[in-house]
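Here is a short briefing on a two-chain complex. Keep the model open while reading.

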Amino acid sequence: MTASKRFRRWGSVVLLPLLLAAGCGDDEEETGGTGEEESAKVVKIGVIAPLSGDLTAIGTGIKNSVDLAIKQANENNAVPGWRIELAAEDDAAKPDVGAQAAAKLASDRAVVGVVGTYNSSVALQVAPVLQKANVVQVSPANTNDTLTRGEDFKTAPKRPFSNYFRTATLDSLQGGFAADYAWNDLKVARVVIIHDKKAYGQGLSESFGRQFQKNGGAVLTTETINTGDKDFNAVLSKIRSAGAQLIFYGGEYPEASLLSRQAKNTGIKVPLMGGDGIVDPTYIKTAGAEANGDYGTSIGAPPESLESAKTFIADYKAAGYKDGHSAYGALAYDAANAIIRTLPTALGSAEAVDESVRKRIVEAVGKVSFDGTSGKVAFDEFGDAVARTLTMYKVESGSFKAVKTGEFEG
Amino acid sequence: MRQFVQQLVNGTVLGATYGLIALGYTMVYGIIQLINFAHGEIFMVGAFGGLTVYRYWLPASMAGNPWIALPAVMIVAIAVAVGVAVAVERLAYRPLRNAPRLAPLITAIGVSIFLQEAVRLFYPGGKRQQPFPQLISSGTFEVAGVTIAWISVFVVVTAVSLMIALQLFVKRTRMGKAMRATSQDPESARLMGINIDRVIVVTFVIGAALAAVAGVMQGMRFAQIDFRIGFLAGLKAFTAAVLGGIGNIGGAVLGGFVLGIVEVMATQYVPHGSSWKDVWAFVVLIVVLVARPGGLLGERVATRA
């Protein structure tokens, strides 16, 4: 009895500091005050992105880039009388968590807009929640067609969410661009397709397959995998005898990198091609030397070829974030600026953010037009970016090198 | 046929890892009837322990030499996992030794979340995947058209040797005899002069050591680890333990291999098998439990009176 009492006391002595530490462990970089007058009214721009789990690298890049846009706006006093704050929420790449984050942000009266999400599957749950509260959503990364054009996007496009915009491009364009590159430039005639069954992966794979077959190529087989799996030897052994010249993967880098590695170790010595979901340094880090020769498409022209993108990269570096801006940093920065630009007029002389302010912002974002870091930022009648430039990257000696930039006209 | 053998090889490698982790579940259950849901996290913590020694402690000259680096990584991984497991037993499970069974079970789930979050928050860069060193060649060789990776050979040989060693330990040593006695009837065992607390600690130590080895091997195979790897691995290993007959050491090994092989065969021979492989794994589990409620090898331990 005494032993257990003594133990309990010791236990609490050991555990208490741990718990306290855990309590303050989560706040990372706070959005810095700008030294303006304390009385400035506050509006918040939300971020919903994966800040934990496999996709953290991308989510953190999105969050930091929005933070940078906000800091610059505050410094330049872009919205007179108001101070902008960042409200970042983690969606853990899960639709249900994202929906909760959206509800939290929507109920915060100071929130005027949300940048996010990364995953199309999460956006499908987030957009309706934000729409109900008239909060504008601008995604830097969703590429699934149904988000802006509805289920029948091929035949009868109809916009499902009036508050939803994106600076990213569509899977039907991205998949088509990849299919044309494989057929015309790589002279590949037989492929196998693997995807992860998520909205993004499946949509991208289907549009790739459609265009590839239209070109005259053959899709030998389509396999699906589960996100979170690590051992793909079984599925790879199965497709090994099919004799494909290319594996097209619809999904993100955590699984893609393992697939690439294990494919080559299984004796399938053909390149893997994917969409923007695999173009991240983590892909190469995990896949190792086996990644060399793989392909991935990405949205926009290569940043190093654009003057505006160079400025963004330099500013991002100067701001001293611990993590890189990732493939979506520039698009997230543009998305945040699309919202910020509408604020001076939309807020007007309002004392606080209310329904009518939020409605004005949604309307105004649809009409923005400015030169962003990755090209022109403007949206069409569906909320899609008018800029449709795509770039094909190839992994060469450990990094992604741009091999072709262009547009897909379908 | 070649395809079948290839998949059999894939399944054996997968099953070896499942079996190794399943041993920890089954032994703890056999001794104290606790389903230790934190065991998957011990596996994860072990892998992170191994990564730590490689990344921060080994001088670069030694890290390049697999003959030094591999044992160092393994030993530290085992030490970390054993340390955490013993602490968990002391702090979380022992105070609840005589509590209703549900209490330690829920505690185990709490410990599991605690360990995951601890690694996520406090390990440098723990929120994202960490690259794991390749201490064994990632190369492959072919036997009659079947491709086998060297790391797979290492995994299977290590796992099977450890399983045999464990069997010998339990069957041949004094401590093993004490473990068997405790599992049959803890009260009588205590009356016979067996230090039950010690037996329980040794059980946790062995389970943790095996899980740590599995963790390092998984890290080397997939070249990366993250704070969530314990969840899925733990779930699969628990399934393997139940499939083989929980509480039964041979059963855990058999269950692991059966589960691994069922998964790969479903991928190969069932349409859409690769995304449904877990479904087939659990279908097999249900069928086995309906036919043999005690699992494949039955539950040989006596339940408490």
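In chain B, 22 of the 27 residues of α9(B) are buried, so this helix is largely enclosed by the rest of the structure. The complex is a predicted model. The predictor assigns it an ipTM of 0.80 and a pTM of 0.81.

**Helix α9 of chain B**
- α9(B) covers residues 196-222.
- From first C-alpha to last, α9(B) reaches 39 Å, close to the 39 Å expected at 1.5 Å a residue.
- A223(B) follows α9(B) and has a positive phi, near 60 degrees.

**Confidence in chain B**
- Mean pLDDT for chain B is 90.
- In chain B, 98% of the residues reach 70 or more.

**The interface between the chains**
- Contacts join 29 residues of chain B to 33 residues of chain A.
- Five elements of chain B each supply at least two residues of the side that touches chain A: α1 (2-32), α5 (102-122), β3 (146-149), α11 (249-269) and α12 (273-291).
- α1(B) gives the most to that side, with five residues.
- By class, the side of chain B that touches chain A holds ten nonpolar, 14 polar and five charged residues.

**A helix pair across the interface**
- Helix α8 of chain A (residues 233-240) packs with α11(B) at an angle of about 30 degrees.
- The axes of α8(A) and α11(B) are 9 Å apart.
- Their crossing is right-handed.
- α8(A) makes the contact through A234(A), V235(A) and K238(A).
- α11(B) takes part with E263(B), V264(B), T267(B) and Q268(B).
- The residues of the contact between α8(A) and α11(B) divide into three nonpolar, two polar and two charged.

**P302 in chain A**
- P302(A) sits in the loop between β10 (295-299) and α11 (307-319) of chain A.
- With 17 other C-beta atoms within 10 Å, P302(A) is partly exposed.
- Leaving aside neighbours within four places in sequence, P302(A) is in contact with T391(A), A402(A) and T405(A).
- P302(A) and A402(A) are 100 residues apart in sequence, yet 6.7 Å apart in space, C-alpha to C-alpha.

Key:
Residues are numbered from 1 along each chain as its sequence is written. Chains are lettered from A and ligands numbered from 1 in the order in which they are written. This is a predicted model: local features need pLDDT of at least 70, side-chain atom pairs count only at pLDDT 80 or more; totals for chains, interfaces and linings use all residues. Two residues are in contact if their C-beta atoms, placed from the backbone, lie within 7 Å. Helices (H or I, at least four residues) and strands (E, at least two) are DSSP runs, numbered from the N terminus. Ala, Val, Leu, Ile, Met, Phe, Trp, Tyr, Cys and Pro count as nonpolar, Asp, Glu, Lys and Arg as charged, and the others, Gly among them, as polar. The expected span of a helix is 1.5 Å times one less than its number of residues. A residue is buried if 20 or more other C-beta atoms lie within 10 Å of its own, exposed if 12 or fewer, and partly exposed in between; C-beta atoms are placed from the backbone. pLDDT is the predictor's confidence in each residue, from 0 to 100. Axes are lines fitted to C-alpha atoms, for helices over the stretch in contact, and angles run from 0 to 180 degrees between N-to-C directions. A crossing is left-handed if the near helix is turned anticlockwise from the far one by less than a right angle, and right-handed if clockwise.
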